[in-house]
Amino acid sequence: LALCLHWSPDARLYDLIRDVARDPLVRRTRAAALALGAGAFAAVERGELDLGENLATEALRHAAQPEESFLAMLALGISDLYRGRHDAAQAWYRSVLAIEGLPPAYRADVHATLALLAGYAADLSTARDHAAHSRAGAEATGAVNTRAFAAYA
């Protein structure tokens with residue numbers, strides 16, 4: 001569920017996702033990295049930044065697939081963004097772009113976020129560059145939600 005980036009569940013489902021990630025038994029499953037990453041994302045979105053960072057860090061240790069690393073790094077980047085640590089957030093998003101085998105839609109979303117962060121810093125040249133990469137990637141995917149976020153950025 002957490003890999004559906006532009007869908008936000010209601011608070012009860014976010015709480016359930018977070019609670020599943022906190023269950024020690026989830027760490028023994030093949031889905032540990034995704035469960036921890038989803039829990040991290042849910043915790044961060046609910047404002048529980050410390051918990052989110054802890055779960056995301058643990059998810060990274062379990063990650064073996066591109067999407068698993070992506071989800072953990074995304075949660076860490078968003079947490080830093082919410083804390084106002086834009087340089088740290090940018091570093092996480094640049095790390096995401098270095099993940100081999102990451103689906104193009106996720107790359108497009110990361111470029112959109114980097115465009116916004118560059119815009120916040122009044123670095124319009126970098127913002128335009130990332131926005132162009134985001135739009136090109138989003139058009140290639142054909143996903144309406146990815147194209148909408150790219151257009152927003």
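## Histidines, ring pairs and helix packing

Not counting residues up to four places away in sequence, His130 touches His111, Leu114 and Ala115, where contact means heavy atoms within 4.5 Å. Before going on, a word on the source: this is a predicted model, in which local features need pLDDT of at least 70 and side-chain atom pairs count only at pLDDT 80 or more, while totals for chains, interfaces and linings use all residues. Residues are numbered from 1 along each chain as its sequence is written, and side-chain values use heavy atoms, with hydrogens and water left out.

Back to the histidines. His130 is found in helix 7 (residues 124-141), and His111 has its place in helix 6 (residues 104-120); helices here are DSSP runs (H or I, at least four residues), numbered from the N terminus. His130 counts as buried at 15% relative accessibility, and His111 is buried too, at 14%. The scale runs like this: buried is under 20% relative accessible area, exposed is over 50%, and partly exposed is in between, using a 1.4 Å probe and protein chains only. If you skip its neighbours within four places in sequence, His111 is in contact with Leu97, His130, His133 and Ser134.

Now for the rings. Searching the whole structure turns up 2 aromatic pairs. Rings of Phe, Tyr and Trp (its six-membered ring) pair if their centres lie within 6.5 Å; planes under 30 degrees apart count as stacked, over 60 as edge-to-face and the rest as tilted. Here they are:

| Pair | Centre to centre | Angle between planes | Class |
|---|---|---|---|
| Phe70 and Tyr106 | 4.2 Å | 15° | stacked |
| Phe149 and Tyr152 | 6.3 Å | 15° | stacked |

Phe70 sits in helix 4 (residues 66-82) and Tyr106 in helix 6, so this pair ties together parts that are 36 residues apart in sequence. Phe70 is buried at 0% relative accessibility, and Tyr106 is buried at 12%. As for Phe149 and Tyr152, they are 3 residues apart in helix 8 (residues 144-152), which means about one helical turn separates them. Phe149 is buried, with a relative accessible area of 19%, whereas Tyr152 counts as exposed at 60%.

Phe149 and Tyr152 also turn up where helix 8 meets helix 6: on the helix 6 side are Ala105, Ala108, Asp109, Ala112, Thr113 and Leu116, and on the helix 8 side Thr146, Phe149, Ala150 and Tyr152. (Ala, Val, Leu, Ile, Met, Phe, Trp, Tyr, Cys and Pro count as nonpolar, Asp, Glu, Lys and Arg as charged, and the others, Gly among them, as polar.) The axes of helix 6 and helix 8 are 9 Å apart, at an angle of about 20°. That makes helix 6 and helix 8 roughly parallel to each other.

What about the other end of the chain? Helix 1 (residues 11-22) packs on helix 2 (residues 32-45) at an angle of about 135°, with 8 Å between their axes. Axes are lines fitted to C-alpha atoms, for helices over the stretch in contact, and angles run from 0 to 180 degrees between N-to-C directions. Helix 1 and helix 2 are therefore oblique to each other; angles under 35 degrees count as roughly parallel, over 145 as roughly antiparallel, 65 to 115 as roughly perpendicular and the rest as oblique. Tyr14, Ile17, Arg18 and Ala21 make the contact from helix 1, with residues including Leu36, Gly39, Phe41 and Glu45 from helix 2.

Definitions and conventions:
Helix = DSSP H or I, 4+ residues; strand = E, 2+ residues; numbered from the N terminus.
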